[in-house]
Amino acid sequence: MNIATKRWLPHTVAAVCLLVLLYPLAWLLATSLKPADEVVTSLDLLPSHLEWSNYTTALDGVSGVTVSRLLGNTLLIAGGAVLGNVLSCSLAAYAFARLRFRMSKVMFAFMVATLMLPHHVVLIPQYIIFNRLGLVDSFWPLILPKFLATEAFFVFLIVQFMRGLPRELEESARIDGCGPFRAYWSITLPLARPALITTAIFTFIWTWNDFFTQMIYLFAPEKFTITLALRSFVDQSSTSAYGPMFAMSVISVLPIVLFFLVFQRYLVQGMATSGLKG
């Protein structure tokens with residue numbers, strides 16, 4: 001194998017893998033512009049003609065709720081979840097990484113062990129609690145738990161990052177009279193920005209794509225998110241509106257793609273310096 005082949009072979013393999021990964025997105029975009037009779041029957045990637053009415057129907061929304069309202073509901077839930085996870089998980093991680101208290105190692109091990117606990121196990125007790133509080137059919141059950149550091153994965157991720165930060169900075173601040181919370185807010189939190197942005201990205205994507213939890217707590221159409229609206233395209237009539245459904249799928253994917261593109265360099269940095277540390 002000559003030098004030129006060795007140089008271009010990895011790039012060729014990477015390009016082929018990229019095409020394979022991008023094909024579902026290309027299929028989604030092409031299908032959103034197909035006529036209704038071609039969505040199920042045609043195997044061609046490109047439509048015979050562009051059906052822009054699919055996007056017009058998608059923008060009208062479902063059950064009298066416009067797509068802007070659906071996107072607003074989803075953005076509100078995702079934004080609240082991001083804010084809650086970043087604040088609460090970083091605060092819990094700082095306690096495990098920097099503060100010394102009794103049974104800290106046992107509590108940290110117990111917290112990590114909850115990663116193996118299925119989400120469906122705690123869903124029923126949570127639903128009973130929120131139902132007794134009268135918060136069902138509102139956004140609070142989807143946002144409030146995020147402010148209680150319930151995501152053990154993100155706590156563990158931030159702990160790993162904070163343990164790699166030099167303690168000398170906090171010790172110097174403590175000599176100057178800085179307390180634990182001030183050291184957390186003014187010193188550790190700014191330095192942990194890569195891990196915090198990684199937490200924000202994953203929280204945003206997972207919350208935006210969540211369907212099951214939102215289906216459990218949200219009943220009124222005006223409170224629907226974009227994921228619940230996608231399912232409504234199949235249920236609202238005897239003939240499924242696949243064209244508008246795929247058009248709304250394209251609309252729902254755009255915020256995630258933009259969010260990821262803006263913060264992708266912080267995601268790589270955060271995973272490299274925290275999630276992969278031993």
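Modeller: Phe 108 sits in helix α5, which covers residues 104-113. The model is predicted, and in it Phe 108 has a relative accessibility of 13%. Buried means under 20%, so Phe 108 counts as buried. Apart from neighbours within four places in sequence, its contacts are Phe 96, Phe 156, Val 159 and Arg 163. Along the chain, Pro 118 is 10 residues from Phe 108, and the two C-alpha atoms are 19 Å apart.

The UniProt entry, which is unreviewed, annotates residues 108-130 as a transmembrane region, along with 12-30, 75-96, 142-162, 183-208 and 241-263. In the model, residues 108-130 are 78% helix and 0% strand, with 27 Å between the end C-alpha atoms. For residues 12-30 the figures are 100% helix, 0% strand and 25 Å between the end C-alpha atoms.

Val 159, one of the contacts of Phe 108, is among the buried residues of α8. With 9 of its 11 residues buried, α8 is largely enclosed by the rest of the structure.

Part of the surroundings of α8 is α11. Helix α8 (residues 152-162) packs against helix α11 (residues 193-209) at about 165°, and the axes are 9 Å apart. The angle makes α8 roughly antiparallel to α11. Their crossing is right-handed. On the α8 side the contact is formed by Phe 153, Phe 154, Leu 157, Ile 158 and Phe 161. These residues meet Pro 194, Ala 195, Leu 196, Thr 198, Thr 199, Phe 202, Thr 203 and Trp 206 of α11. Sorted by class, this contact has 10 nonpolar residues, 3 polar ones and no charged ones. Residues three or four places apart in an α-helix point the same way, because there are 3.6 residues a turn.

Helix α11 also packs against α10 (residues 180-191), here at an angle of about 70° with the axes 5 Å apart. That makes α10 roughly perpendicular to α11. Leu 189, Pro 190 and Leu 191 of α10 make this contact with Arg 193, Pro 194 and Leu 196 of α11. By class the residues are 5 nonpolar, no polar and 1 charged. Pro 194 and Leu 196 also take part in the contact of α11 with α8.

How values were computed. Residues numbered from 1 in each chain as written. Predicted model: local features only at pLDDT ≥ 70, side-chain atom pairs only at ≥ 80, totals over all residues. Heavy atoms only, no water. Axes fitted to C-alpha atoms, helices over the stretch in contact; angles between N-to-C directions. Helix = DSSP H or I, 4+ residues; strand = E, 2+ residues; numbered from the N terminus. Parallel < 35°, antiparallel > 145°, perpendicular 65-115°, else oblique. Left-handed = near helix turned anticlockwise from the far one by under 90°. Contact = heavy atoms within 4.5 Å. Nonpolar A, V, L, I, M, F, W, Y, C, P; charged D, E, K, R; others polar. UniProt positions renumbered as here; feature names shortened; annotations may be inferred. Buried < 20%, exposed > 50% of the residue type's maximum accessible area, 1.4 Å probe, protein only.
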